[in-house]
Amino acid sequence: MFELPTRAQEIRAQVESFFNTRVLPNNKLWMTEAASGQAVPDIEKTLRREARDLGLWNMALPRLAEDEPGIRLSNLEFTGVAEVLGRLEWASRVFNCHAPDVPNMELLQLFANEAQKRTWLLPLLEGEIGSAFAMTEPQVASSDPANLETSIVLDGDEYVINGRKWFASNASHENTELIVLVGVTDPQASRSKRQSIVLIPRHTPGVNLVRNLPVFEHTSVTNLHPELELNDVRIPATNLLGERGAGFAIGQARLGPARLHHCMRAIGECEVLISLMVKRSMERTTFGKRLDEYSSTAEAISLSRIELDQCRLLVQKTAQLLDTIGNKQARKQISMIKVAVARVYQAIADRTIQLYGARGVTNDTPAARAFGRARAFRIYDGPDEVHLQTIARLESGEQDAGLLGHYLFNQEPTRAG
Ligand SMILES: Cc1cc2nc3c(=O)[nH]c(=O)nc-3n(C[C@H](O)[C@H](O)[C@H](O)COP(=O)(O)OP(=O)(O)OC[C@H]3O[C@@H](n4cnc5c(N)ncnc54)[C@H](O)[C@@H]3O)c2cc1C
């Protein structure tokens with residue numbers, strides 16, 4: 001385990017205390033209010049005010065300025081806090097540390113001009129509005145951004161946007177005011193220079209909701225994944241984020257911390273699942289023995305512990321690299337944690353479901369939802385295969401062919417001719 005500075009440990013302790021005394025005891029109330037159709041449950045609003053008053057706010061932004069609200073933590077310092085927030089699906093929202101707003105805020109901190117910061121970053125930091133990130137398109141394989149088709153065309157002093165996006169998480173949420181959209185401004189440019197990013201006010205005419213998509217049949221008003229049609233959407237040309245043609249590079253910068261945070265939160269949720277497995281194994285008896293007396297149960301719990309602790313170390317190391325060498329230089333480690341954590345998350349959720357038997361597939365425990373989220377995590381923020389390809393490519397670039405030759409003795413036969 002990485003040793004965190006005293007200040008980070010103290011903040012984590014404060015967050016944990018608030019979580020244990022105010023957030024967790026209100027979980028059932030939050031669920032009831034969300035199920036009754038409240039997009040932001042009343043209890044969440046109350047808790048957000050309390051967390052903000054305590055200063056436990058915006059802790060996931062290592063670039064938070066002195067005059068911006070909240071506590072600035074480094075990526076490594078935030079790992080401990082994020083684990084606590086990950087214990088409940090909705091807890092991050094209480095502290096304004098939730099996706100997709102955090103990675104969007106980070107993007108605005110890095111690339112927005114002063115006017116854009118005033119219009120979008122400030123209200124996001126204050127928690128007054130929500131945002132979405134729209135990249136994926138239904139008609140093309142969007143794991144390859146070069147395939148994107150949504151067009152962004154300059155017409156006088158406006159950009160005109162046409163296309164279709166889906167899984168633009170939270171774009172249809174009632175609080176969302178900003179859609180950060182990746183589209184094509186320069187179709188003739190090289191693969192990585194075609195795309196640009198624009199800032200679209202959510203209620204601009206021509207931004208049409210087609211439908212909200214379920215994830216494994218799960219739909220909720222608090223967490224929406226809409227399909228959108230963009231039909232002659234006109235925005236001022238000044239709503240371009242960063243340089244024209246820099247959409248690919250800017251998108252990559254956003255995804256580093258976004259992936260890291262998902263991994264940190266997943267580790268927190270896995271801790272809950274391991275505790276629930278232990279609890280179940282000590283309470284349930286079958287064929288005359290408690291579940292914890294069976295070696296299969298011991299294996300499920302032990303493997304989960306081993307794999308989760310391995311993941312935590314890898315995630316902490318990656319967070320430290322993000323803090324020291326930067327997002328781009330740490331991209332191999334980001335891909336590594338994305339693959340490793342998503343798989344362990346899915347395996348632990350699966351084992352928990354198994355130990356809880358029929359109850360495991362219901363909503364009476366968090367395991368079924370965790371399984372669905374973990375499975376989706378193997379696809380969003382880049383499918384496993386794409387990350388594995390990145391890791392292998394970077395790994396091969398790091399090898400020293402000259403030195404490696406010394407490990408091999410006989411000349412490898414070459415094909416004649
Ligand atoms: C719950 C959820 C939330 C999401 N939130 C957002 C969001 O907020 N904003 C947004 O823009 N998108 C979002 N997405 C979309 C997500 O990022 C994309 O689904 C993902 O990038 C993959 O793109 P695709 O669906 O087009 O799959 P494709 O690109 O069509 O890929 C399909 C499959 O092909 C295989 N494949 C692809 N590339 C390779 C390769 N190089 N080697 C081997 N096999 C390969 C993989 O098995 C992959 O799963 C979300 C998705 C989910 C499920």
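View 1. Trp166 is partly exposed, because 19 other C-beta atoms lie within 10 Å; by definition a residue is buried if 20 or more other C-beta atoms, placed from the backbone, lie within 10 Å of its own, exposed if 12 or fewer, and partly exposed in between. This is a predicted model, in which local features need pLDDT of at least 70 and side-chain atom pairs count only at pLDDT 80 or more, while totals for chains, interfaces and linings use all residues. Residues are numbered from 1 along each chain as its sequence is written. Trp166 belongs to strand β3, residues 158–166, where strands (E, at least two residues) and helices (H or I, at least four residues) are DSSP runs numbered from the N terminus. Leaving aside neighbours within four places in sequence, Trp166 is in contact with Thr136, Pro138, Leu213 and Glu227, contact being defined as C-beta atoms, placed from the backbone, that lie within 7 Å. Trp166 and Val210 are 44 residues apart in sequence, and their C-alpha atoms are 9.1 Å apart in space.

**View 2. The shell around the ligand.** Of the 21 residues around the ligand, Met135, Ala141, Ser143, Pro383 and Glu385 come nearest; a residue counts as near if its C-beta atom, placed from the backbone, lies within 6 Å of the molecule. Both β1 (130–134) and α13 (384–397) supply at least two residues of this shell, and α13 gives the most, with 3 residues. By class, the shell has 13 nonpolar, 7 polar and 1 charged residues, where Ala, Val, Leu, Ile, Met, Phe, Trp, Tyr, Cys and Pro count as nonpolar, Asp, Glu, Lys and Arg as charged, and the others, Gly among them, as polar.

**View 3. Helix α8 beside helix α4.** Two packed helices are described by the angle between their axes and the distance between the axes. The axes of α4 (residues 75–85) and α8 (residues 247–283) come within 7 Å and cross at roughly 45°, which means that α4 is oblique to α8. Such axes are lines fitted to C-alpha atoms, for helices over the stretch in contact, and the angles run from 0 to 180 degrees between N-to-C directions; angles under 35 degrees count as roughly parallel, over 145 as roughly antiparallel, 65 to 115 as roughly perpendicular and the rest as oblique. The crossing of α4 and α8 is right-handed, a term used when the near helix is turned clockwise from the far one by less than a right angle, with left-handed used when it is turned anticlockwise. Residues of α4 including Asn75, Thr79 and Leu85 meet residues of α8, among them Pro257, Leu260 and Glu271. By class, this contact of α4 with α8 has 7 nonpolar, 4 polar and 3 charged residues.

View 4. The axes of α8 and α9 (residues 295–324) come within 10 Å and cross at roughly 160°, so α8 is roughly antiparallel to α9. In this pair the crossing is left-handed. The contact of α8 with α9 has, by class, 16 nonpolar, 5 polar and 2 charged residues. Ala319 lies in α9 and is buried, because 27 other C-beta atoms lie within 10 Å. Apart from neighbours within four places in sequence, Ala319 is in contact with Asn75, Leu76, Thr79 and Leu260. Ala319 and Ala300 are 19 residues apart in sequence and 28 Å apart in space, C-alpha to C-alpha.

View 5. The peptide bond from Ala99 to Pro100 is cis, with omega near 0°, and Pro100 is found in the loop between α5 (91–94) and α6 (101–111). Helix α6 is mostly covered, with 8 of its 11 residues buried. These buried residues, among them Asp101, Val102 and Leu108, pack against α7 (114–126), β1, β4 (176–184) and α8.

View 6. Most residues other than glycine have a negative phi, and most peptide bonds are trans. Glu217, however, has a positive phi near 70°, and its place is in the loop between β6 (207–212) and β7 (226–236). Glu217 is exposed, with 6 other C-beta atoms within 10 Å. Asp232, found in strand β7, has a positive phi of about 50° although it is not a glycine, and Asp232 is exposed, with 10 other C-beta atoms within 10 Å.

How values were computed
Two residues are in contact if their C-beta atoms, placed from the backbone, lie within 7 Å.
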